[in-house]
Structure formats: structure tokens, C-alpha cells
Amino acid sequence: MAQIEFPPLKNDLILKAAKGEPVERIPIWIMRQAGRYLPEFQEIRSKHDFFSVCQTPALASEVTLQPIKRFDLDASIIFSDILVIPQAMGLTVEMVPGTGPVLPQPIKDPSDLVRLVQPNVEKDLKYVGDAITLTRHKLEGKVPLIGFTGAAWTLMSYMIQGGGSSTMTKARQWLYKYPEESHKLLQMITDVIIDYLVMQVKAGAQLLQVFESHADFLSDELFDNYSFKYLKEISEKVRQRLKEENIPEVPMIAFPKGATMNSLEILAKSKTYEVLGLDWTVNPIEARKRFGSDIVLQGNLDPCALYASEEEIINRSRNMVKMFDKTRYIANLGHGIQPDTPIASVTALIKGIHSV
């Protein structure tokens, strides 16, 4: 397949770091860096609903570029949402102000699986690919562009729970009550994820992140059986497909938020992903000790640390680098940035990281 011609890349720090190569300075990007904390994003949202922004390539691209214009970041991440996959599979997803994502007709029991469709990703999620291609051109090679997806368990839990939850009880019940059907649903979602990530690379994504945002609801046993199994398949099959289609591989990041140290260690030592994202509860020194020196680590400042003074943020960011070590490391928060984070705090964080 012919590769799309894009402007030459001027800053490849994150790609080098993701491959474990030496870098002259630590790369940093921020989860949800294109979002509600930016006044220019709020302005766009005042005129368009959330999924309209996701589904309109020109708007998604504009929003993706907003933090790159404002801050000295080392990567951009395409503006989208993990729940575009459940939408493409036939479920309604609404973004409700003050509540977050809501799926008004969730999957209640296995008889509901017939409601799901296996989408044609190239067609049904083409708007994401178009936004990626447009953004690669508009970036003019300034920084690499990250594509992403939710992982299978995280998407399944939203599809069953019908939205966010502090317990995910309905979704977790499935794993015990309907183990076979749980695997069937997870496999259906995984097949879509693989197509989706391959499409993103074809469109121009230079790095991929898989968000297992609900790993904190899984014990080691459940993580191994219902998360790791599919995370591994996603990575292996995406690489296999790219190879078959003669498309260069891109580094992949797994971010299993809230996973136990044992679960993280299994994922790290499997070498399935080049980069492992850590949330803010994980001690970087212990992670380095347990996971070995091969894996690149990403993270993990507490997003709430950005409410500290600018001086404190700079000190904390420098201290974080010392704990992770400068090699095989990508700086980030330990989860998405909060909507009311001061802009000056983001500048201080980036300044702190780049000064080490």
C-alpha cells in the first residue's frame, strides 16, 4: 500500500524514547491535553456538541492542534473518544454535561449481544482517519501524532454499565455470571479495535496508545483472563496486519489505569508493548525494580498536583524524572488533566520536565 506523503518530522523525541533510544531531553505529552481546560476548546464546544467535534475532521484537527500551538509539548494526540467504537457497533452514546458519557440502552444480558454489529471500520470510523491525516499535514512535522483506542474490557464495561461507575458492578458480574459470553463480547470488541488501530496508522498515526481505563476494577486473576489476554492480541495482531500490508510498525503504549503491581508486571514482562503508562498511584522506583530495564515507562504525576504553586509543580516534575530516570522514559500525568487546571500549571510542568 502506498504511504501518504507527510511533511518531514522535526521533533522525534517521543518516538526515540518509545523505542528505548537515547534522547537529548525527556519528551512530554499530557493525557486529555486537547480539552476542557483550554478556553479555545471551550469556545468550540459552545458551538458544537462533543461527538460533532469528534465526527467533523476539521474540528477534531483544530482541537488537536490547540495545545501544540500553546505549549512546548513533544507529541499531539488526535481528539476523539474511546466510545466511538461502541457507537460504531450500534449503541447510542451521549455526552451528558456534568455526568459524562451515557449509553441509554446498555447491554443487559447475553441476549442483547444480537443488537451489536461488526462495523466496517474504514467506512464507519473514517472520520477519525480523516482527522488524523488532516492533522498530520497541519502539524507540518512539528511533533508526532498519537492515535488511540479504549481496550476491550474498558469498552465492554461501559457498554454493560451504561456509563461511568465507581464500582462497575454490572460489568464485573458478567465476568462471573457469563464467562463464555464475556469472552465472546470481548473478542467482538477486540476485532474492531485491531481494524481501528490499523486504520489509524494507515491514516498517519505515528504512535498508538491503548487505554485500559478500568483496570482498577480487576483482580490479578480477572486482569489476566479478561484484560491482558486481549491487550496482547491487540498488539500482536496490529503488528501482524501492518507487516502483511507492508506498512512500517509504530510503537505502542498500554495504559492500564489502576492495575495492580502484579498485573502491571505481567504486562511489562510480556514485552507486548514498547511503553507502559503508569497512573499516579504507582511508585516509579518500585516499577523500575520490578519490571526490568527493557520496558519504557510513561507517567505519572498526579493530575491534582497541577493545583500546586508553579514552583512546586516544577520541583515535583524534576523529582518525578529522578525517580523514573532519564532513560526509557516519557513524561506525562498519571491520568487525564482536570477541566479546571490552570494554564500556567501546564507551562510549569513542561518547563520542569524540559529543564532536567
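**Aromatic cluster.** I started with the phenylalanines: Phe 41, Phe 50, Phe 51 and Phe 79 form one aromatic cluster. Rings of Phe, Tyr and Trp (its six-membered ring) pair if their centres lie within 6.5 Å; planes under 30 degrees apart are stacked, over 60 edge-to-face, the rest tilted.

**Ground rules.** I am working on a predicted model, where local features need pLDDT of at least 70, side-chain atom pairs count only at pLDDT 80 or more, and totals for chains, interfaces and linings use all residues. Residues are numbered from 1 along each chain as its sequence is written, and side-chain values use heavy atoms, with hydrogens and water left out.

**Aromatic pairs.** I counted 8 aromatic pairs in the structure. Phe 50 and Phe 51 pair edge-to-face, 5.1 Å centre to centre with 85° between the planes. Both Phe 50 and Phe 51 are buried (buried is under 20% relative accessible area, exposed over 50%, partly exposed in between; 1.4 Å probe, protein chains only).

I then looked up Phe 148 and Phe 211. Their pair is also edge-to-face, at 5.6 Å centre to centre and 80° between the planes. Phe 148 lies in strand 4 (residues 145-150) and Phe 211 in strand 5, so the pair ties together parts 63 residues apart in sequence. Helices (H or I, at least four residues) and strands (E, at least two) are DSSP runs, numbered from the N terminus. Phe 148 is buried at 9% relative accessibility. Phe 211 is buried at 12%.

**Salt bridges.** I found 21 of them (a side-chain nitrogen of Lys or Arg within 4 Å of a carboxyl oxygen of Asp or Glu) in the structure. One joins Lys 257 to Asp 216, with the closest N and O atoms 3.7 Å apart. What does this pair tie together? Lys 257 sits in the loop between strand 6 (252-256) and helix 12 (261-270), Asp 216 in the loop between strand 5 (207-212) and helix 11 (220-244), so the bridge links parts 41 residues apart in sequence. Lys 257 is buried at 14%; Asp 216 is partly exposed at 37%.

**Helix 11.** I checked Glu 236 and Lys 232 next: their closest N and O atoms are 2.9 Å apart in a salt bridge. They are 4 residues apart in helix 11, about one helical turn. Glu 236 is partly exposed at 41%, and Lys 232 is partly exposed at 31%.

Glu 233 and Lys 237 meet in a salt bridge at 3.0 Å, N to O. Both lie in helix 11, 4 residues apart, about one turn. Glu 233 is buried at 11%, whereas Lys 237 is partly exposed at 36%.
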